[in-house]
Amino acid sequence: MSQRQRILSGMRPTGPLHLGHLVGALKNWVDLQERYECFFMVADWHALMSDYESPQEIAQRSRQMVLDWIAAGVDPNRSVIFRQSDVREHLELYAVLSIITPLGWVERIPTYKEQLREVAGRDLATYGFLGYPILQAADILLYRAHAVPVGEDQKAHLELTREIVRRFKFLYKADIFPEPEILLTEEARLLGIDGRKMSKSYDNFIALSDDPEAVRKKAQKMFTDPKRIKMTDPGHPETCNVCHYWEVFAPQEKERIWAECRTSKRGCTQNKQELAEVLIKATEKFRAMRVQQVDVDDVLAWGAERAGREARETMRLVRKAVGLPEGIKTP
Ligand code: TRP
């Protein structure tokens, strides 16, 4: 059995993965595989909580997401890749944790209040959506994870998870769950093509699966240095989004490109054209993965089996702690 500490993390299959995911969460996951035993989860129940009015694409997106993970370097032979809905114990533990979590703890979560306020066109004032962070806690605790890599926006959910662990321990005098450590993913600060945060809801992203023509078109639309009007004006690469992309995707070229920009040897159009080719190269393996013979079903079947084993053991301990019978085994 592995002596390494365990990590669990997840993503919701609510849209295609984009460059922001690649240089943020995904890169981090790939690196963490070196040091931890990793469980990576497709959070399809969570996707259903927000997209329940139009859930048609969740299943397909879940599979695409797994392909993108693998193309990025998440290794199904080393890490457990699984789908939340394949392991039914997530809902069982969610129910137990819901019972012991005071209503006030979830009502005051800032992301909840923010989403209710900001998400237009969808009714998120449901009983289930209030429980979103409790299901997330169940995801983590089901695997008795030691640490969870997440972005800043998920911090409140992790703090709630830690509080729930303490409450469970206090109520049942059972030490089943480690208090999971929060591994904050360094904000990659990759902005969208319009200069705002790269996000699905702003439709300003370059998807990992975009074809070369789409990448060229989007790159051409990118905002550049607002102070540079004519090509003969000297550029300010440190405030130009296109130049920042060069730094992220071709760091070895940065010095040269930035210098040419400053000295007006390189215009913004050329800069965007050449960047597009760099981005096309960086996303090549994601397009290739779509035509390769990677058997997603196989990866997910193995993942469900491995995750399920862990989940059943945790639920055996939890049932015992809260005084429920183990359950009669039906064939
Ligand atoms: N809520 C997370 C997000 O939107 C996704 C998620 C679900 C998750 N369950 C998790 C992340 C468990 C970490 C651990 O990004």
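## Ligand shell, cavity and loop residues

Lys173 sits in the loop that runs between α9 (155–172) and β5. Helices (H or I, at least four residues) and strands (E, at least two) are DSSP runs, numbered from the N terminus. The model is predicted: local features need pLDDT of at least 70, side-chain atom pairs count only at pLDDT 80 or more, and totals for chains, interfaces and linings use all residues. Residues are numbered from 1 along each chain as its sequence is written, and side-chain values use heavy atoms, with hydrogens and water left out.

Lys173 is not a glycine, yet its phi is positive, at about 50°. Most residues other than glycine have a negative phi. Lys173 counts as exposed because its relative accessible area is 66%. Here buried means under 20% relative accessible area, exposed over 50%, and partly exposed in between (1.4 Å probe, protein chains only).

Asp203 also is not a glycine and has a positive phi of about 50°. Asp203 belongs to the loop between β5 and α10. With a relative accessible area of 61%, Asp203 is exposed.

**Other residues of the β5–α10 loop**

Ser201 lies in the loop between β5 (181–184) and α10 (212–221). Its relative accessibility is 64%, so Ser201 counts as exposed. The side chains of Ser201 and Ser199 are joined by a polar contact of 2.8 Å. A polar contact is a pair of N or O atoms within 3.5 Å; within protein, one must be able to donate a hydrogen and the other to accept it, and residues adjacent in sequence count only if both atoms are side-chain atoms. Ser201 and Lys329 are 128 residues apart along the chain, and their C-alpha atoms are separated by 45 Å.

Asn204 is found in the loop between β5 and α10. Asn204 counts as buried because its relative accessibility is 1%. Its side chain makes a polar contact of 2.8 Å with the side chain of Asp194.

**The ligand shell**

The ligand is surrounded by 14 residues. The closest are His46, Tyr132, Gln136, Asp139 and Gln154. A residue is near a molecule if one of its heavy atoms lies within 4 Å of it.

| Side chain | Distance to a ligand nitrogen |
|---|---|
| Tyr132 | 2.8 Å |
| Gln136 | 3.1 Å |
| Gln154 | 3.0 Å |

On its own, the ligand has 370 Å² of accessible area, and the protein covers 90% of that. Accessible areas come from the Shrake-Rupley method with a 1.4 Å probe; for residues, only the protein chains shown count as cover.

Which elements each supply at least two residues of the shell around the ligand? They are β1 (6–11), α8 (132–141) and β4 (147–150). α8 gives the most, with four residues. By class, the shell has seven nonpolar, five polar and two charged residues. Ala, Val, Leu, Ile, Met, Phe, Trp, Tyr, Cys and Pro count as nonpolar, Asp, Glu, Lys and Arg as charged, and the others, Gly among them, as polar.

Among the buried residues of α8 are Tyr132, Gln136 and Asp139.

**The cavity**

The structure has one cavity of 30 Å³ or more. The largest cavity holds about 40 Å³ of space. On a 1 Å grid over the protein atoms alone, a cavity is a set of points where a 1.4 Å probe fits but cannot get out; lining residues have an atom within 4 Å of a point. Grid points are joined across faces, edges and corners, and a volume is the space filled by probe spheres set on the points.

The lining of the largest cavity includes Cys240, Cys243, Cys261 and Cys268, along with Arg228 and Arg266. α11 (241–249) and α13 (268–282) each give two or more residues to this lining. The lining divides into five nonpolar, two polar and three charged residues.

**Two buried helix residues**

Ala219 is in helix α10. Its relative accessible area is 0%, so Ala219 is buried. The C-alpha atoms of Ala219 and Gln293 are separated by 30 Å.

Trp258 has its place in helix α12 (residues 254–262). At 10% relative accessibility, Trp258 is counted as buried. Trp258 and Leu17 are 29 Å apart, C-alpha to C-alpha, and 241 residues apart in sequence.

Technical notes: 1 Å grid on protein atoms, 1.4 Å probe; cavity = no way out; pocket = protein on both sides within 12 Å on 5 of 7 lines; lining within 4 Å.
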